[in-house]
Amino acid sequence: MDSNEQLIVDAIDKRRDEIIEFANDIYKHAELGYKEFRTSAKFKESMQKLGLQIEEDLAITGVKAFLNPDRKNNFSLALMGELDALRIPTHKFAYEETKGAHCCGHHAQLAGVVGAALALTIPEIADQLDGQIEFFAVPAEEYGEVEFKNKLIEEGKIKYGGGKCELLRIGAFDDIDVALAHHINAKGNRIGSGSSNGFVSKVIRIIGKASHAAGAPEEGINALSAATLGLQALGLNRETFRDEDAVRVHPILTKGGELVNVVPKEAVIETLVRGKTIEAFTDAALKTDRSFKAGALALGADYVIETMPGYLPEIPQAFPEELKEAFRELTNNDFTEVNEDFHTNGSTDVGDVQHLLPVLTFNTGGMVGGLHQDNFDIVDEETAYILTAKMFAISAYRLLKNNAVLGKSIKDNYEPRFKNKEEYIKFMDSFNQVEKGSYK
Ligand SMILES: [Zn+2]
Ligand SMILES: [Zn+2]
């Protein structure tokens, strides 16, 4: 490490308690996607304390803070931290007001970004950065609350369910050359990223006819029965999903009737349809539609299948050697490296960003329990928060020093899947479909 890097590490160590306090405050006040108002305000406050210019209300709750805005034309790097949490009311730190809990550890990302900002804004360091840094708090990574998001879409407040998808759409990534992302990891410190599943989301409505369930069932059309048959048909389709496509279709029934003595008039199924490639989840989505249409056909019901774009698959991205060396020093060689064959069946909107610009990802440990589970907890604040801050800051410094030569080489060697934002939006919108039919 050079003397500037030592200064960065020392500055973060010196303000260790402050970073941990910020992390714990966010940890205990978790909020869900597109509703992270308190979290976003806390992030903004800490950025303003450092004298940084702010841009806010990006995709409802997103906030950017700019360091060295006068150097943005040379290079612009984003350090991303996600704002949102999950509704897990049984977690020990579930926030009374929202029932939310940070069981995906996004608060560690935000603490890392805030901690990095404390060090990078030191004038001697900021002066060495030959480019702009955007400290970027991003909303709504977890894909849930589809009905709530649909309402926001109807109100014209957003167009896409995923926070980064929406930020791409409104142009909040237009001025960024490379982004740096972090996630907490159950298996410890790690660098690089493999692939993940992409998906579309569906709300399937079966509409039958109500009637007295005992007195006159022959006059009714049982929507729950049609939905049940649809679920069976989908199950029987599963043998056609290829192992290498990592298809995951996991429907839930959100409505199955109103009252026990009335033939169910309406049944509602929500599902995500995931796969390793766009072709894989598109094929599974077609089979999902067919299955529920078959259920409606058999019972003589109507159906409405609403499909919405979800997230695109992640693209494997190696970690540059210079940053790997930094991680080696910061962790005393205690880390693993993701090779490009690594695949996870979950999904993230980081994949969408990667379709337009490079995103470098690192993980830190410090957690126990499982992600998205109520036994999740932080047991090592040094690793979860402080190491994260140091890695964000040292990486930023190495990418931007010496005329941002490293940052520029990553950008220049990257081949985005879409030429521009417009192409991405057109592609996403092609998934937006409503299909209706009647077998009554
Ligand atoms: Zn998550
Ligand atoms: Zn997460």
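**Close-up views of a zinc site and its sheet**

**View 1. Two buried zinc ligands.** Let us start inside this predicted model: Cys104 is buried, and His183 is buried as well.

**View 2. The zinc ion (ligand 2) and its protein donors.** Three side chains supply the donor atoms here: SG of Cys104, NE2 of His106 and NE2 of His183, at 2.1 to 2.3 Å from the zinc ion (ligand 2). Along the sequence, these donor residues follow the spacing C-x1-H-x76-H. Cys104 sits in the loop between strand S5 (100-101) and helix H4 (106-120), while His183 belongs to strand S7 (residues 178-184), so the pair links distant parts of the chain, 79 residues apart.

**View 3. A bridging cysteine.** Which residue bridges the zinc ion (ligand 2) and the zinc ion (ligand 1)? Cys104 does, and the two ions lie 3.1 Å apart.

View 4. Follow the eight strands in the order S1-S2-S6-S3-S7-S17-S8-S15 and you will have traced an open sheet with mixed pairing. Strand S1 (53-58) and strand S15 (336-337) each have a single partner strand, so one side of each lacks a neighbour in the sheet. S1 pairs with strand S2 (residues 62-67) in the antiparallel sense, over four bridges. Look for Gln53 here: its bridge partner in S2 is Phe66.

**View 5. Helices on the sheet.** H4 lies across S2, strand S3 (76-82), strand S6 (132-138) and S7, and runs at about 140 degrees to S3. Helix H12 (residues 381-412) also packs on the sheet, where it touches S3, S6, S7 and strand S17 (359-364). The direction of H12 makes about 160 degrees with that of S7.

Notes
Residues are numbered from 1 along each chain as its sequence is written. Chains are lettered from A and ligands numbered from 1 in the order in which they are written. This is a predicted model: local features need pLDDT of at least 70, side-chain atom pairs count only at pLDDT 80 or more; totals for chains, interfaces and linings use all residues. Side-chain values use heavy atoms; hydrogens and water are left out. Donors are N, O and S atoms within 2.8 Å of the metal (3.2 Å for Na, K and Ca); water is not among the atoms, so sites may look incomplete. Helices (H or I, at least four residues) and strands (E, at least two) are DSSP runs, numbered from the N terminus. Buried means under 20% relative accessible area, exposed over 50%, partly exposed in between (1.4 Å probe, protein chains only). Two strands pair if DSSP finds at least two bridges between them. Contact means heavy atoms within 4.5 Å. Axes are lines fitted to C-alpha atoms, for helices over the stretch in contact, and angles run from 0 to 180 degrees between N-to-C directions.
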